[in-house]
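Subject: Structure handover

Hello,

Here is the structure I said I would pass on. Please look it over before reading my notes below.

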Amino acid sequence: MREAMIITYILATICILSVTVHASQCSMNGIPLVRNISELPQDNYGRPGFLHTTLAGSLLHGMKEIEVWLQTFAPGTHTPIHRHSCEEVFVVLRGSGTLHIASNTHTKFPGEPLVYPIFTNSTFHVPVNDAHQILNTGEHEDLQVLVIISRPPVKVFMYADWYMPHTAAQLKFPYYWDEKCYKNNETPENDEL
Ligand SMILES: *[C@@H]1O[C@H](CO)[C@@H](O)[C@H](O)[C@H]1NC(C)=O
Ligand SMILES: *[C@@H]1O[C@H](CO)[C@@H](O)[C@H](O)[C@H]1NC(C)=O
């Protein structure tokens, strides 16, 4: 009986501790208003050569309308081909690469994308629901971009290739960097094309 009580006590303590840890990673409380970018957490979310930092996020900082990310792509790395029903603005801080973008949201699949070179100090935006991919096509230099995206947390639809039908694109929600702090009581809106 006594042992059972001790075990219950230990389990309860572990439970409370893990809830506290979870809350402190995802809570807006205690996060300074002015933050040193070099000291913010960054992660590659299982993608070698990629680094993501959420500078201002809906889950981490309570942003309602926009979210700001800093991302680095090593030479040869890229985003998946994907779309999202929100606006996205890129500022290239460093390096160069390629934007692939297909605007055929009225056809069954994206189709052959338009290809644009992107370079340090360039900026571009991706219209709502246009399938796109950012690639570091360089050989030596990292590509670093500042990303401003609306309607957070982002709902990403991923394509295996440019000829996959829009309706077959795979919804990834919450997206990788939102997984840890996302609470399941919110369901994504239907953004099917
Ligand atoms: C920001 O963080 C970096 C890395 O820790 C540090 O070297 C730098 O001094 C910090 N900047 C300020 C203004 O505190
Ligand atoms: C980027 O633009 C700023 C402002 O025009 C300029 O000072 C800077 O030299 C530019 N950097 C590069 C790498 O072109």
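Which residues make up the largest nonpolar core? The model is a predicted one, and in it that core consists of Ile 81, Ala 102, Ala 131, Val 154, Val 156, Phe 157, Tyr 159 and Ala 169, 8 residues in all. Strand β10, residues 156–159, gives the most to this core, with 3 residues. There is also a second, separate core of 6 residues, and among them are Phe 73, Ile 118, Leu 143 and Val 145.

Leaving out residues up to four places away in sequence, Val 156 touches His 82, His 84, Lys 172, Phe 173 and Tyr 175.

Now the chain as a whole. It has 2 helices and 11 strands, and along the sequence these follow the pattern α-β-α-β-β-β-β-β-β-β-β-β-β. Of the 193 residues in the chain, 19% are buried. Among contacts with a separation of 6 or more, 72% are between residues 24 or more positions apart.

Next, the sheet. Five of the strands form an open sheet in the order β1-β2-β9-β4-β7, and the pairing is antiparallel. Strands β1 and β7 are the edges, each pairing on one side only. From one strand to the next, the twist averages 25°. Within this sheet, β4 (residues 88–94) pairs with β9 in the antiparallel sense over 6 bridges. One residue to look up there is Val 92, whose bridge partner in β9 is Val 145. Val 145 is also one of the residues of the second core.

Is Phe 124 buried, exposed or partly exposed? Phe 124 counts as partly exposed because it has 16 C-beta neighbours inside 10 Å. Not counting residues up to four places away in sequence, Phe 124 touches Phe 90, Leu 99 and Ile 118. Leu 99 is 25 residues from Phe 124 along the chain, and their C-alpha atoms are separated by 9.2 Å. Ile 118, another of these partners, belongs to the second core.

- The peptide bond from Pro 152 to Pro 153 is cis, with omega near -5°. Pro 153 sits in the loop between β9 (143–150) and β10.
- The peptide bond from Phe 173 to Pro 174 is also cis, with omega near -5°. Pro 174 lies in the segment after β11 (170–172). Phe 173 is one of the residues that Val 156 touches.
- Tyr 45 is not a glycine, yet has a positive phi of about 50°. Tyr 45 is in the loop between α1 (2–26) and β1 (50–56). It is classed as exposed because it has 12 C-beta neighbours inside 10 Å.
- Asn 121 is not a glycine either, and has a positive phi of about 75°. Asn 121 is in the loop between β6 (114–118) and β7. With 8 other C-beta atoms within 10 Å, Asn 121 is exposed.

That is what I have for now.

Regards

Methods: Residues are numbered from 1 along each chain as its sequence is written. Chains are lettered from A and ligands numbered from 1 in the order in which they are written. This is a predicted model: local features need pLDDT of at least 70, side-chain atom pairs count only at pLDDT 80 or more; totals for chains, interfaces and linings use all residues. A residue is buried if 20 or more other C-beta atoms lie within 10 Å of its own, exposed if 12 or fewer, and partly exposed in between; C-beta atoms are placed from the backbone. Two residues are in contact if their C-beta atoms, placed from the backbone, lie within 7 Å. Helices (H or I, at least four residues) and strands (E, at least two) are DSSP runs, numbered from the N terminus. A nonpolar core is a set of buried Ala, Val, Leu, Ile, Met, Phe, Trp, Tyr and Cys residues joined through C-beta atoms within 7 Å. Two strands pair if DSSP finds at least two bridges between them. Axes are lines fitted to C-alpha atoms, for helices over the stretch in contact, and angles run from 0 to 180 degrees between N-to-C directions.
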